[in-house]
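Open the structure in your viewer and keep the sequence beside it. We will go from stop to stop, selecting one thing at a time.

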Amino acid sequence: MLQVQHISKAFGGVKATDDVTLDFATGSLTAVIGPNGAGKSTFFNLITGALKPDTGRILLDGTDLVGRSPPDIVRHGIGRAFQVASIFPSLTVGEAMLAAVGADQRRAGVLHRRFPLAETRDRAEYAMELLGLAGKRDRTAATLSHGDQKLLDIALALVLEPKVLLLDEPTAGMGTEERWRMIERVHELWTREKITVVFIEHDMDIVFKIAPSIVVLCYGRILATGTPDEIRKNSAVIEAYLGTEHHAGAA
Amino acid sequence: MSEVRAETSVVTRSADSARPRPWYFDILIAIVAFAILVTLPMLFTSKALPDFVIRCAAFGLFATSLNLLVGYTGMISFGHGMFFGLGAYGFGLLMQRADVSIPTAIVCTLLISAVAAVVIGAICVRLKEIYFAFVTLAFQMLIHSVILSWQPLTGGDQGLRGGIKRPVFWGIDLSNHTHLYIFSCALLVIGLLLMRQIAQSPFGYTLRMIRDNPVRASFIGINVWRAKLTVFVLAAIFASVGGIIMSLFVSGAYPEFAYWTISGEGIFINMLGGVTTFLGPMVGTVLLLILNDTATRLTEHYGLVLGVVILFFALGLRKGLMDFVVDWLQSRRESSKGRHS
């Protein structure tokens, strides 16, 4: 279980994350929503060690992760995909996956053997299969379509066999149809792998349809948490987020 | 709102990683190359040829080791020549002052370079691009001025003079020019083979990942700082082997070996030959030395000729010679594939 307890982070006077406390049950699927600047990405950066919280604790199965480096936190089982696909442009899909597995098996520094290592193959293959990248294993990452680059980004996190997978806007920059395909993949991966998945999403239709539980952030604070039905009916959420959205839609 | 955004500087894809070959293939090539090098002086009686090859060995090892940093890891060091200089001076001094055998002196020299690289690397490798380049350059200048000013030990601007003793070891007599030639070729081939292994090892792919996207590399659990320091030290060791060959060749060591222009030449060689193939820097070394020898013979304006050539490669081809050849072969293969289908 991933527990976030009273974490805060301020940039100058701006409180990007303000006393956030949340529990993510093992095997749960949670969407994080909130208007631009609500602190969603900062929240991910705090969990993954890219930023250090000013106060608070982050516990993964009881181990405090605050103050650890990103590689260390990855090794504790928190994987992450990025809003802008973060890949290795000059490596092929297959090479990147094999190298990622090698890093997870603590073989990133091996000098006396040749790449790729035989023992990395099965896991790399499995993750590529799961995300539909197996047919593109010999493609250089830079030549992939935007959607495939996002999938590769997720695959790079998934191949490390994390306990918790954080997806920062998996559907960013995609058209409607592609969004749904992407989110179905995410959903499928969640049901098959039975890991804890937390994702940031802007599209309300997607969130309400797919996420069993939702967290609404606003100005760094938790505005509401609950099931899609509870969130839909929550007056604070309607006012702060959904309302303005609908209003903007009408205007 | 701060986003962790990876800088994705697109580097042209390393052509050699597309088709992985078994490790013994490299050894086969190395044996053939060594055999060719050894027979060269028998085929051509030119006295200048062995000297040329020995210089190629020294600078080739140096430039290829620099490519481990520049091409494979994306660390552009402007001070890599300091390890070439340390190799030359370390070896020369050990042979002149300490009564040790040549193998012992070589091992000790490489150890000294490695220790220096650990200390300097620990300070430098955290720095980004231009800062890394300039701080390595600063260390180079520091070492150069230490060599100049520590006259009792290094001979100051006169360099290490009086020649280097060459006691016979394992039946090898390095005062014999043929022995020295074969010994240099052996060091070159073994050095290249080891660096090739580094480049094709899992660690070599860790380096490529760091070059492509260090942020992402750290998020798949790679300790970027440690990997960079490791390759910095490894590259320094191979650069010193180049320095040792040079020291044996000139039977001494001169402050120019540790001057920043050596680093500059290393970068230049990499630009000439290209950094996306393993042998690019080796090709660049041969090109530069030929250029150097012909230009100095024909004109006093050596720098001018070199400048024109570098402009041609930088602005005309926009890549090194080997990059150009590989791209050309690839486009030819693709166009012929297109015709057949």
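The tour below begins with confidence, then visits the domains, the sheets, a helix, a loop and the contact with the other chain.

**Stop 1: confidence**

This is a predicted model. Colour chain A by pLDDT. The mean for chain A is 88, and 96% of its residues reach 70 or more. Now select residues 246-251 of chain A. Here pLDDT stays under 50. The model gives this stretch zero contacts beyond four places in sequence.

**Stop 2: two domains**

Domain 1 takes residues 1-77 + 162-251, and domain 2 takes 86-161. Their C-alpha centres lie 26 Å apart.

Look at where the two domains meet. On the domain 1 side, 11 residues are in contact with 10 residues of domain 2 of chain A. Which elements give two or more residues to the domain 1 side? Select β7 (164-167) and α6 (176-193) of chain A to see them. α6(A) gives the largest share, four residues. By class, this side of domain 1 has eight nonpolar, one polar and two charged residues.

**Stop 3: the four-stranded sheet**

Show chain A as a cartoon. Find the open sheet with the strand order β2-β1-β4-β5 (chain A). Its pairing is antiparallel. The edges are β2 (14-24) and β5 (63-64) of chain A, and each of them pairs on one side only.

Next, select residues 2-11 and 55-60 of chain A. These are β1 and β4, an antiparallel pair with five bridges. Which residue of β4(A) is the bridge partner of Gln5(A)? Arg57(A) is the partner.

**Stop 4: the six-stranded sheet**

Move to the other open sheet. Six strands run in the order β6-β7-β8-β3-β9-β10 (chain A). Here the pairing is mixed. β6 (78-81) and β10 (221-226) of chain A are the edge strands. On average, neighbouring strands of this sheet are turned by 20° against each other, direction ignored.

Helix α1(A) packs on this sheet too. It touches β3, β6, β7, β8 and β9 (213-218) of chain A, and its direction makes about 145° with that of β6(A).

For a parallel pair, select residues 29-33 and 196-200 of chain A. They are β3 and β8, joined over four bridges. Leu29(A) stands opposite Val197(A) in β8(A).

For an antiparallel pair, select β9(A) and β10(A), which share five bridges. Leu217(A) faces Ile222(A) of β10(A) across this pair. The two strands form a hairpin with two residues between them. Zoom in on Tyr219(A) in the turn: its phi is positive, about 50°.

α5(A) lies across β6 and β7 of chain A. It runs at about 170° to β6(A).

**Stop 5: a covered helix**

Go back to α1(A). How many of its nine residues are buried? Nine of the nine are. Among them are Lys40(A), Phe43(A), Phe44(A), Leu46(A) and Ile47(A). Step past the end of the helix to Gly49(A), which has a positive phi near 90°.

**Stop 6: a buried loop residue**

Select Thr140(A). This residue sits in the loop between α4 (121-130) and α5 (146-158) of chain A. Is Thr140(A) buried or exposed? It is buried, because 20 other C-beta atoms lie within 10 Å. Thr140(A) and Gly94(A) are 46 residues apart in sequence, but 8.9 Å apart in space, C-alpha to C-alpha.

**Stop 7: chain A meets chain B**

Finally, show both chains. On one side, 41 residues of chain A are in contact with 35 residues of chain B. Select α1, α2 (70-75) and α3 (93-104) of chain A, the elements that give two or more residues to the chain A side. The largest share, six residues, comes from α3(A). Colour the chain A side by class: 23 residues are nonpolar, 11 polar and seven charged.

Terms used
Residues are numbered from 1 along each chain as its sequence is written. Chains are lettered from A and ligands numbered from 1 in the order in which they are written. This is a predicted model: local features need pLDDT of at least 70, side-chain atom pairs count only at pLDDT 80 or more; totals for chains, interfaces and linings use all residues. Two strands pair if DSSP finds at least two bridges between them. Domain bounds come from an automatic or database domain assignment. Two residues are in contact if their C-beta atoms, placed from the backbone, lie within 7 Å. Ala, Val, Leu, Ile, Met, Phe, Trp, Tyr, Cys and Pro count as nonpolar, Asp, Glu, Lys and Arg as charged, and the others, Gly among them, as polar. pLDDT is the predictor's confidence in each residue, from 0 to 100. A residue is buried if 20 or more other C-beta atoms lie within 10 Å of its own, exposed if 12 or fewer, and partly exposed in between; C-beta atoms are placed from the backbone. Axes are lines fitted to C-alpha atoms, for helices over the stretch in contact, and angles run from 0 to 180 degrees between N-to-C directions.
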